[in-house]
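Subject: Structure handover

Hi,

Here is the structure I promised to pass on. Please open it and keep it beside you while you read my notes.

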There are 2 protein chains.
Amino acid sequence: MSKKTINFKEQLKNSNYKLTGQRQAIMDVLIENSSKHLSADEIYKILSEKNTGIGIATVYRTLSMFEKLKFVTRINLDDGCIRYQVSDFQAEHEHHHLICESCGCIQDIKDDQLEVLEKKVLAENGFHVYNHKVKLYGLCNKCYKG
Amino acid sequence: MSKKTINFKEQLKNSNYKLTGQRQAIMDVLIENSSKHLSADEIYKILSEKNTGIGIATVYRTLSMFEKLKFVTRINLDDGCIRYQVSDFQAEHEHHHLICESCGCIQDIKDDQLEVLEKKVLAENGFHVYNHKVKLYGLCNKCYKG
DNA sequence: CTTAGTGCAAAACATTTGCAAACCA
DNA sequence: TGGTTTGCAAATGTTTTGCACTAAG
């Protein structure tokens, strides 16, 4: 059993949520696809192929709860749906996303490098930053060369 | 007539779009509210109050066209709709947004400060950045003190 | 047992589209 | 005048909700 799974079960209990087969199954799909960014519908389709009889409403309700508990983070790629990814429990902030405008691929980068910006924002605007969402648009290595 | 209005009319013509009353009215609303971030529905309601008989479909079609011509930029605040703001024609990139998680206010900041990050991304990932969307979440000056 | 959680179908919501009428160039 | 653009209403696609049933603790 992975560290994430243990964490998941304990935190559910601590938050007075029941551990159901559906919640477990949805978390499994998220962990199996942790490098991807899945929509509710994509998760639903994967669950359907596995012949769990989980309904789409449960997927939405579960993802919403997972987000509240910070098990997942949402990313909005402006493609008409919200996408989810298991959180990096070690990370303090969310990671950045590199979005290629040619092939649509998405790379995650851990590195932060926003200290300078956040300090400036505090000094000049009096705004205290606790989290950030950074999307960088451009061309990936392959598309730039090709 | 403001610089933006001139720019708007000329660019419409150059792109082979007609200057209609509706497009003018929508641009007016956007310019009058340039510090805000309006949704299609909010723009539609403002237009309705002004007794232009503009339909919601026209608002969507126009905003979509305005975005293609870079007259407006979208921002997604994860509140169920896409929001729009007139572009800063001087700016090379989009400005950053400071989003207060207590009162929901949004401050725009022009300053970039992403050169270090973007250089690092190029060096380490071979990714060429052309634009970015940065949202910083936290507490504004008022809410932090209060 | 008891109440949270589920599946289903219907509803809600933002957005898009087809089409006949209206309008800009 | 002719091709764009528009308003309307219907359609779409995602997400939410009401409700009776099921299952975790």
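This is a predicted model: local features need pLDDT of at least 70, side-chain atom pairs count only at pLDDT 80 or more; totals for chains, interfaces and linings use all residues.

A residue counts as near a strand if one of its heavy atoms lies within 4 Å of that strand.

**DNA strand C**

Which part of the strand faces the protein? Of the atoms of DNA strand C within 4 Å of the protein, 73% belong to sugar or phosphate. The rest belong to bases.

There are 19 residues around DNA strand C. T20(A), R23(A), T58(A), K18(B) and Y60(B) come nearest. By class, this surface has 8 nonpolar, 6 polar and 5 charged residues.

- A polar backbone atom of G55(A) is 3.1 Å from a phosphate oxygen of DNA strand C.

**Chain A against chain B**

Now turn to the protein-protein contact. It takes 36 residues from chain A and 36 residues from chain B. The size of an interface is often given as the accessible area lost when the parts come together. Here, the area buried between chain A and chain B is about 3300 Å². Carbon and sulfur atoms give 63% of that area. L117(A), F127(A) and K133(A) supply 19% of the area that chain A buries against chain B, more than any other three residues.

Next, the polar side. Between chain A and chain B the count is 2 salt bridges. One of them joins R74(B) to D78(A), with the closest N and O atoms 3.6 Å apart. Across the interface, 10 residue pairs are in polar contact.

Which element gives the largest share of the side of chain A that touches chain B? That is β6(A), with 12 residues. By class, this side of chain A has 17 nonpolar, 11 polar and 8 charged residues.

Finally, look at how the strands meet. β6(A) pairs with strand β6 (residues 128-139) of chain B in the antiparallel sense, over 11 bridges. Within this pairing, K133(A) stands opposite K135(B). K133(A) is also one of the three residues named above for buried area.

Best wishes

Methods. Residues are numbered from 1 along each chain as its sequence is written. Chains are lettered from A and ligands numbered from 1 in the order in which they are written. Side-chain values use heavy atoms; hydrogens and water are left out. A polar contact is a pair of N or O atoms within 3.5 Å; within protein, one must be able to donate a hydrogen and the other to accept it, and residues adjacent in sequence count only if both atoms are side-chain atoms. Ala, Val, Leu, Ile, Met, Phe, Trp, Tyr, Cys and Pro count as nonpolar, Asp, Glu, Lys and Arg as charged, and the others, Gly among them, as polar. Contact means heavy atoms within 4.5 Å. Buried area is the accessible area (1.4 Å probe) that two parts lose on being put together, summed over both. A salt bridge is a side-chain nitrogen of Lys or Arg within 4 Å of a carboxyl oxygen of Asp or Glu. Helices (H or I, at least four residues) and strands (E, at least two) are DSSP runs, numbered from the N terminus. Two strands pair if DSSP finds at least two bridges between them.
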